[in-house]
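Take your time with each task, try it yourself, and then follow the solution step by step.

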Amino acid sequence: MMKILESLKSRKLSKIMAAAVVGGSLLFGGGDVLAAENPDGMFAFRQSYLASPPDTRAFKQIISFFGGTVFQADINSEGVILNDASMRINGTLNWTYTSPQTKQTTNFAIPFYVVQDGGSDMNLFVQRNRTWSKMALPGFPSALANALKTTDPTIMQENMKAVKEAKIFKDDANQRILQLVIDGNYAADLLAKYDDKNADGAIANSNLKKALRENDAFITWTVNKNTGRTVTTVIELTDIMRSFARGMLDDSAAGKVKLTQEEMSLLDTIGYYSEFHYSVTYQNNADSSIDAPANVMKAVENDSVLDDLARDMTVVVKK
């Protein structure tokens with residue numbers, strides 16, 4: 001997967017995916033939920049969303065991305081997002097890859113740390129072979145973060161248009177579980193609104209927007225009715241990732257992008273056999289802080305850290 005990102009020069013895509021991951025934490029950060037007996041799902045959603053969010057969101061998140069017998073990526077992390085869009089995320093990527101060509105397998109764990117202060121660039125720290133490397137990536141756009149977190153009623157009413165359907169799955173004395181459908185067209189328009197038109201990875205970016213327009217996103221949102229805060233948010237992104245991969249294969253067949261046979265095999269796996277699940281659980285302590293890993297601030301500047309990691313992730317050690 002990382003080799004594909006390397007070949008497509010799609011650091012823009014890396015930013016978009018990071019924005020998607022962080023976006024769930026921003027949009028459903030857990031404001032007070034007004035008590036309501038009305039069974040209408042959209043009404044219940046609007047009540048929850050219109051409540052004022054806290055300044056700080058502390059969370060733990062899990063990302064599971066796997067494709068048949070070819071690869072599996074499990075990302076476990078914890079983070080905190082402040083009201084100025086500053087954030088800290090500390091986690092580990094557990095990676096397993098089986099070459100479609102040689103059938104040999106490699107696996108390892110990759111610690112990482114992410115820092116962003118306000119609207120500045122995002123600093124990514126990655127540890128390989130006990131050494132930390134650092135590189136700057138375009139940060140999560142502060143304008144987009146503010147739009148998602150705003151308490152301005154006009155903007156909030158506009159943001160709620162992203163939810164095209166809401167159903168109450170469970171509603172008892174302790175919890176309310178809402179199943180939401182996010183309009184893919186709206187999400188694509190939102191990405192386009194805050195897009196950097198001069199960024200690299202135009203083909204990958206275009207295919208991501210196309211995938212969003214072809215597919216809605218599905219969110220399960222659980223709220224603790226006693227504390228009025230979000231418990232978990234689960235986002236299903238399988239259809240979007242599959243559509244994205246198939247779009248890349250179509251562009252390869254049309255000669256718009258050049259891919260190796262191994263990359264095409266991996267994209268085929270993603271396009272037809274992969275699953276992508278994301279969940280985030282919010283912590284009750286709004287003052288939680290994320291400690292930087294030991295020695296991370298001694299990291300060496302390495303603007304090719306993603307390229308190096310991409311090679312590591314697709315090199316299979318012969319046994």
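**Exercise 1.** Is the crossing of helix 8 and helix 9 left-handed or right-handed? Describe also how the axes lie and which residues meet.

*Solution.* Keep in mind that this is a predicted model.

- Step 1: Look at the crossing itself. Helix 8 and helix 9 cross in a left-handed way.
- Step 2: Find the angle. The axes of helix 8 and helix 9 (residues 261–273) cross at roughly 140° and come within 7 Å. That makes helix 8 oblique to helix 9, because only angles over 145 degrees count as roughly antiparallel.
- Step 3: List the partners. Helix 8 brings Met241, Arg242, Ala245, Arg246, Met248, Leu249 and Ser252, and these meet Met264, Leu267, Asp268, Ile270, Gly271, Tyr272 and Tyr273 in helix 9.
- Step 4: Sort them by class. The residues of this contact of helix 8 with helix 9 divide into 9 nonpolar, 2 polar and 3 charged.

**Exercise 2.** At roughly what angle do the axes of helix 7 and helix 8 cross? Use the angle to describe the pair.

*Solution.* 

- Step 1: Read the geometry. Helix 7 (residues 202–214) and helix 8 (residues 238–253) have axes that cross at roughly 135° and come within 8 Å. Helix 7 is therefore oblique to helix 8.
- Step 2: Check the handedness. The crossing of helix 7 and helix 8 is right-handed.
- Step 3: Name the residues. Ile203, Ala204, Asn207, Leu208, Ala211, Leu212 and Glu214 in helix 7 are in contact with Ile240, Ser243, Phe244, Gly247, Met248 and Asp251 in helix 8.
- Step 4: Sort them. The contact of helix 7 with helix 8 has 8 nonpolar, 3 polar and 2 charged residues.

**Exercise 3.** Why is helix 6 roughly antiparallel to helix 7?

*Solution.* 

- Step 1: Start from the axes. Those of helix 6 (residues 184–193) and helix 7 come within 6 Å and cross at roughly 155°. Helix 6 counts as roughly antiparallel to helix 7 because the cut-off is over 145 degrees.
- Step 2: Helix 6 and helix 7 make a left-handed crossing.
- Step 3: Find the residues. Helix 6 contributes Gly184, Asn185, Ala187, Ala188, Asp189, Leu191 and Ala192, while helix 7 contributes Leu208, Lys209, Leu212 and Arg213.
- Step 4: Sort them. The contact of helix 6 with helix 7 has 6 nonpolar, 2 polar and 3 charged residues.

**Exercise 4.** How many residues along the chain lie between Lys298 and Trp132, and what separates their C-alpha atoms?

*Solution.* 

- Step 1: Compare chain and space. Lys298 and Trp132 are 166 residues apart along the chain, and their C-alpha atoms are separated by 7.3 Å.
- Step 2: Check exposure. Lys298 counts as exposed, at 65% relative accessibility.

Terms used
Residues are numbered from 1 along each chain as its sequence is written. This is a predicted model: local features need pLDDT of at least 70, side-chain atom pairs count only at pLDDT 80 or more; totals for chains, interfaces and linings use all residues. Side-chain values use heavy atoms; hydrogens and water are left out. Axes are lines fitted to C-alpha atoms, for helices over the stretch in contact, and angles run from 0 to 180 degrees between N-to-C directions. Helices (H or I, at least four residues) and strands (E, at least two) are DSSP runs, numbered from the N terminus. Angles under 35 degrees count as roughly parallel, over 145 as roughly antiparallel, 65 to 115 as roughly perpendicular and the rest as oblique. A crossing is left-handed if the near helix is turned anticlockwise from the far one by less than a right angle, and right-handed if clockwise. Contact means heavy atoms within 4.5 Å. Ala, Val, Leu, Ile, Met, Phe, Trp, Tyr, Cys and Pro count as nonpolar, Asp, Glu, Lys and Arg as charged, and the others, Gly among them, as polar. Buried means under 20% relative accessible area, exposed over 50%, partly exposed in between (1.4 Å probe, protein chains only).
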